[in-house]
Structure formats: C-alpha cells, structure tokens
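User: I would like to learn how to read salt bridges in a structure file. Please take me through a case.

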Amino acid sequence: MTERDNNLTLFFDGYDYDIYPNKFGMKYFAGAKRPEGAKTKREILELLEKEGITDATFYYPYPDYYFPLTIYSDEYLPNEGELRENIVNFDEDRFVFFDEGKAFDEVISDGSFPYFANSFVVVRGSGEGLPVFARFATDRDHRFAIATAIFKKENGYRIQKRPVYPEAGEHIKHIYSMKDKLKTVLGDVMEVNECRVVGDAMGLEYIHGEPLLSAIVANKDLDLLERFVALLRGLETVEYKHTEDFVAVFGEHGHVFDSDSSLAVTDIDLIPQNILVMGDKWVVIDYEWSFEFPIPLDYVIYRALTNVADCLCGEGSDIHKELYAKYGIGGEKLKHFIVMEKKFQEYQFCRL
C-alpha cells in the first residue's frame, strides 16, 4: 500500500467514493499538465444527477489526491495562508507560472476554493461518520506518524489525534503530558487547548477563533506579529544549558547558545499557525513538539517569523531577512538556527 492509498484509506475506508482530478485545479493553471479525465465540480454533479444520485459529499485533498497531507470539506475549508505546499508533482515535471499559494488565498477569500481545489474525492451518500477535516503526518518516522481529524457532532465539533502506527502511541501520550506543564510556562499570557486520552487516541477541545497566522497575513498586520513576539519574550525564562537531549534532536552546536535564555518547557511550534485568536484571548491549539530540555527562546521566535515570512514572501523577496533583522536574529545565531531546523526535520522524518 502506498502512502497515498494509506492516507485515503485512513479517511475513507468503508465508504463508496470516486476520485477525480479537477479540470480547473489551481496547479493546472499554474503549469502542471492536466490529466485526461479531469472534470469540473459542475460536470461531476451532472454525472451524479444522470446516475440518479442526489446525495453525495465532496472532499478536497490537498495538495492533491496523489499524496494528500490534508483533506478539506465544504464543512471545513482552508483559511488564507494555509495552502503553501503546492510545488509537488508526482508523475512528471511541471512549469510554475505563478505563486499558487497567493492565488489560493484569493479564491479562499472569495469563497471559491471548492472550484479550484486540485482534485475531488466524492463520497456517494451523506458521508455520515466521516471527519469534516483531516491532516496526515504519515510521512514521518513511525514513532511520530499521527492523523488529526475533526468530526462534526450534534453538540459541536471534536478533534481527534490518533497514531497511524503502534509505535506512535507513546507520542500521543507525550503530547498529553505536556498540557499542564505548558500552562505553567504560559501563565495568563496564552491559554492551552484542553485534551484527554481515550484508548490509543487523544481528544482535543474544538475552539472557534481566527488563526493568528490568517489575521497577520490577510491584513498584513505586522504590528500583530510584533505583539506576539513581545509576548514570547515577556515569558519567564531559565538559563540555557547544553544537553545531550538537545543534541539528539537539534544536532551539536557547541556553546553557541550559552548566553541565551530558554523556557522551562518549550513548544517549538508556538507559531502563529497554531494559535487561535478569540477576542482578547490567544489559545495554543497544537503543542505536539514540546520538550523539557533547554532550547533557545529565540529559536521559537525564528520559527514564528519564518511561519509568517513564508506566507508573505510574495510581497518581497527580502521579507525573511527583514523580519529576522528586526527581531535581532542574524549572524552566527541565524546560521545555527537554520541547521537546527534541518536537524529537527531529520529527527521527525528519519526511518529507523
């Protein structure tokens, strides 16, 4: 079974469904070769009507059905700034005529994403019992491979994280164990989403709010980013100390960070993408990558700035450098952070 088939099976197993490339898929306008048999959403609806099928549910695999990392539905559509993993083509080379991420932001803002998704999965019937959203991390090392799904229930939505492979069960438990420790670190600056372990899975509270990343990117609100960085730098810190646990995840960096500060527990994914804005409250909704050994706080800020800059890079090629410089991240420290990020990705995705 391929990773693609595994992801689709995780989501749609037991249901009657068809897969269609979208004739109007964004990547085909941007330079990918349109496959034979591609159909528009309207053409698919007409086919279903001819077959007498009046009850069908559309899902939108992203970036495509070949290897879906995320699956959206009409009940749960993407936000601006989310769709940035577009330059993927699994069967042949392709051109790139424009920035697909920026184009997706436009159609999302217009409410037209369902017509420009790269492909469709169409479930015959209501899709009752299926999630309205799913994100897969099946390309990771089996110890960290999990699937996140959002289900719609009569009393609202619920979120579930579950291991894809048995080896990831400990990772689920680790996430749960970080909740209260992060609450202590963040104090009243940010709230931490509630979670509980049920069997081998974990349930999380579903919170309604605007992703901080979307608020920054959609409005180009760099003042909001500045406020976020100030909140991080205002947290109580401890002295950074070099440890073997750090080396195991981020590589050997000698004593470069000896004068840095660290949080007592560090969620390195404390980035705008993983924070919801609810009026005056900011809520951390994902704390999967939290560690109890010292990590430079500026590395968390570097990752937060990169998260925003990656979405704004079409606004100017130097946006990464400008943000790093503004917040004092440069020189040797920046070089080491880049290496740390590379080592962390290797830690996530290596196969033992």
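Analyst: Start with Glu 194, which is partly exposed at a relative accessible area of 31%. Keep in mind that this is a predicted model.

User: Which residue forms a salt bridge with Glu 194, and how far apart are the closest N and O atoms?

Analyst: The cut-off for a salt bridge is a side-chain nitrogen of Lys or Arg within 4 Å of a carboxyl oxygen of Asp or Glu. Here the partner of Glu 194 is Lys 179, with the closest N and O atoms 3.4 Å apart. Glu 194 sits in the loop between strand 8 (191–192) and strand 9 (195–198), while Lys 179 belongs to helix 6, so the bridge ties together parts 15 residues apart in sequence.

User: Is Lys 179 buried or exposed?

Analyst: Buried means under 20% relative accessible area. Lys 179 has 8% relative accessibility, so the residue counts as buried.

User: How many salt bridges does the rule give in total?

Analyst: The count comes to 25 salt bridges. One of them joins the side chains of Asp 16 and Arg 124, at 3.9 Å from N to O. This pair links distant parts of the chain, 108 residues apart: Asp 16 is in the loop between helix 1 (3–12) and strand 1 (17–21), and Arg 124 is in strand 4 (residues 119–124). Asp 16 has 46% relative accessibility and counts as partly exposed. Arg 124, at 28%, also counts as partly exposed.

User: Which residues do salt bridges that share partners join into one network with Asp 16?

Analyst: The network consists of Asp 16, Asp 18, Glu 51 and Arg 124.

User: Which strands pair with strand 4, where Arg 124 lies?

Analyst: Strand 1 runs antiparallel to strand 4, and five bridges join the two. Within that pairing, Tyr 17 has Val 123 of strand 4 as its bridge partner. Strand 2 (residues 56–62) also pairs with strand 4 in the antiparallel sense, over four bridges. Ala 56 stands opposite Arg 124 there.

User: How many residues of strand 4 are buried?

Analyst: Five of its six residues are buried, and strand 4 is thus mostly covered.

Notes. Residues numbered from 1 in each chain as written. Predicted model: local features only at pLDDT ≥ 70, side-chain atom pairs only at ≥ 80, totals over all residues. Heavy atoms only, no water. Buried < 20%, exposed > 50% of the residue type's maximum accessible area, 1.4 Å probe, protein only. Pairing = 2+ DSSP bridges.
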